[in-house]
Amino acid sequence: MSFPLTTAPPAAPPPHTGGILPLIGGTTGLLTVATLGIALLLFLIIRIRLQPFVALLAVSIAVGLGAGLSVTELFGTVQKSAAVSTIEAGMGGILGHVAIIIGLGTMLGAILEVSGGAEVLSARLLSLFGERRAPLAMGLTGLIFGIPVFFDVGIFVLAPIVYAAAKRSGKSILLYAMPLLAGLSMTHAFLPPHPGPVAAAGLFHVSLGWVILMGALVGIPSVLAAWAYAAWIGKRIFVDVPQDMVEAADEAKAAVAAEQRAAGVTPQEQPVALTTVLTIIGTPLILILAATFGSIALSPSTFRSVVEFFGNPFVALTIALLLAYYLLGLRRGWSRKSLETVSTSSLKPVGNILLVVGAGGVFGAVLKASGIADALAKTFNDVGLPIVVLAWLIAVVLRVAQGSATVAIVTTAGIVVPLVDGASYSQAHLALIIMAISAGSIFASHVNDGGFWMVAKYFGITERDTLKSWTVLETVLSVTGFGVTGVLSLLI
């Protein structure tokens, strides 16, 4: 059995008039527009430092016009009765699916963060595994807590725990930080409700249950490989605990406590129960997976409808959030006002993410409407690259060039989705294509990635040692994830 290749060669792209470059002619002209568009996108983000949302939107418009789309096709007309424009369809089509999930997931993570769930989780794991296996406990903490919490928030919340473990043992902070970062990075790349996999699932029209399942199958071996590298590099490079960051973390913790008091959140002496934290994190995952497999295993019935209702991602995440509100908030003395304050403040950073994801949807819609996607499909089919290899390679190039994993995912998905339209790929295989994109999006984090500097500064690592540890760790995650995805593609 061999890797499935890209779709069969499509019909010749429809001719367009009114564009800027169609005079170059047919497929060659469209591929030229696509190449120039991606080059322009990278130039705007890397050299001009233009905000990715603005860069993606500007390039989408330029590519559309260059490929021959008319102004009316791109923007619609003044009359509201006219057909929805390409830009509106691309933006609305993806955000209608993604915005609710990211919003609910963000609020859930904020409640877990402010309630002290991370500290409870890490403390219990440290006591369970003991001092010798503290790095493994740190890795599991990042893996579990990283499911509902964004990567940068996870670093902010969990870094003081890493400082304490490294200080107590007298060993290199890399021994504890790298496993933690591997767990956070794996969940950020492969699992919902994080923006990348959720956005890709929306673009590919894949059930989140399949994304969760394939994310676990691909992500767990990947993170195990990364933990093995973390154990190796942690014994070879000694980095002391950064005292200035310890002091800064203490100040930040005091500031958060002050904000909680101002918001009406009364600190509790009794810590959150570990079972409560795991129940809240696990509830949406179980419900979504049950709905996915229920739709396959169960015949149409009232019971199946009930399972599918509660397993809808919108419903499952709402249930988890309400559980968090009660179990971590109201039952522990929080006021309704404090819950509102924490939830609202958590949504402030989400706007940028949603706009970037929406612009990625616009880019994909323009590629499809202009005929560029068909031209790309024909070209890649002639090359003979399996679709998972192609998806990973494109994501790697975009990631290394511009740094952002989210931009790499949404841009790659925009390029790849039209290549599989009309093909007989199963939901499972489409989910694996998403895994290939996700794996490529975390390859070789280096100096153009904000995560690189966050890791270096939070844990007091020199740039050279960050390249040896964090950059290689991300590459191990990426390459292993791609390898596992390839193997699973052979079996499905």
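With neighbours within four places in sequence set aside, Ser-478 is in contact with Trp-392, Ala-439, Gly-440, Ile-442 and Phe-443.

## Model and confidence

The structure described here is a predicted model. The mean pLDDT of the protein chain is 86, and 88% of the residues score at least 70. Residues 1-24 have a pLDDT below 50, although this stretch makes 62 contacts in the model beyond near neighbours in sequence. Where pLDDT is low, predicted coordinates should not be read in detail.

## Overall make-up

The protein chain contains 22 helices and zero strands. Of its 492 residues, 55% are buried. Among contacts in the chain with a separation of 6 or more, 82% are between residues 24 or more positions apart.

## The nonpolar core

The largest nonpolar core comprises 163 residues. Within this core, Phe-204, Ile-433 and Phe-459 have the most contacts. Helix H4, residues 86-114, contributes the most to the core, with 13 residues.

What does Phe-459 touch, apart from residues up to four places away in sequence? Its partners are Ile-155, Ala-159, Val-162, Tyr-163, Ile-173, Ala-177, Leu-181, Val-239, Asp-240 and Pro-242.

## Helices H19 and H20

Two packed helices are described by the angle between their axes and the distance between the axes. For helix H19 (residues 405-420) and helix H20 (residues 427-440), the axes come within 10 Å and cross at roughly 145°. The crossing of H19 and H20 is right-handed.

On the H19 side, the contact is made by Ile-409, Thr-412, Ala-413, Val-416 and Val-420. H20 supplies Leu-430, Ile-433, Ile-437 and Ser-438. Seven of the residues in this contact are nonpolar, two are polar and none is charged. Ile-433 of H20 is also one of the residues with the most contacts inside the largest nonpolar core.

Ser-222 lies in helix H10. At a relative accessible area of 0%, Ser-222 is buried. Not counting residues up to four places away in sequence, Ser-222 touches Leu-477, Thr-480 and Gly-481.

Is Pro-221 buried or partly exposed? Pro-221 has 30% relative accessibility, so the residue counts as partly exposed. Beyond its neighbours within four places in sequence, Pro-221 is in contact with Ala-216, Thr-480 and Val-484. Pro-221 and Gly-481 are 260 residues apart along the chain, while their C-alpha atoms are separated by 7.5 Å.

## Leu-367 in helix H16

Leu-367 is located in helix H16, residues 350-370. Its relative accessibility is 3%, so Leu-367 counts as buried. Leaving aside neighbours within four places in sequence, Leu-367 is in contact with Val-63, Ile-372, Ala-373, Gly-414 and Ile-415. How many residues separate Leu-367 and Gly-64 in sequence? The separation is 303 residues, and the C-alpha to C-alpha distance is 7.3 Å.

## Backbone features in loops

The peptide bond from Pro-192 to Pro-193 is cis, with omega near 5°. Pro-193 sits in the loop between helix H8 (174-190) and helix H9 (195-204).

A positive phi is found in two residues that are not glycine: His-205, at about 60°, and Ala-444, near 50°. His-205 is in the loop between H9 and helix H10 (208-234), and Ala-444 is in the loop between H20 and helix H21 (450-458).

How values were computed: Residues are numbered from 1 along each chain as its sequence is written. This is a predicted model: local features need pLDDT of at least 70, side-chain atom pairs count only at pLDDT 80 or more; totals for chains, interfaces and linings use all residues. Side-chain values use heavy atoms; hydrogens and water are left out. Axes are lines fitted to C-alpha atoms, for helices over the stretch in contact, and angles run from 0 to 180 degrees between N-to-C directions. Helices (H or I, at least four residues) and strands (E, at least two) are DSSP runs, numbered from the N terminus. A crossing is left-handed if the near helix is turned anticlockwise from the far one by less than a right angle, and right-handed if clockwise. Contact means heavy atoms within 4.5 Å. Ala, Val, Leu, Ile, Met, Phe, Trp, Tyr, Cys and Pro count as nonpolar, Asp, Glu, Lys and Arg as charged, and the others, Gly among them, as polar. A nonpolar core is a set of buried Ala, Val, Leu, Ile, Met, Phe, Trp, Tyr and Cys residues joined through side-chain atoms within 4.5 Å. Buried means under 20% relative accessible area, exposed over 50%, partly exposed in between (1.4 Å probe, protein chains only). pLDDT is the predictor's confidence in each residue, from 0 to 100.
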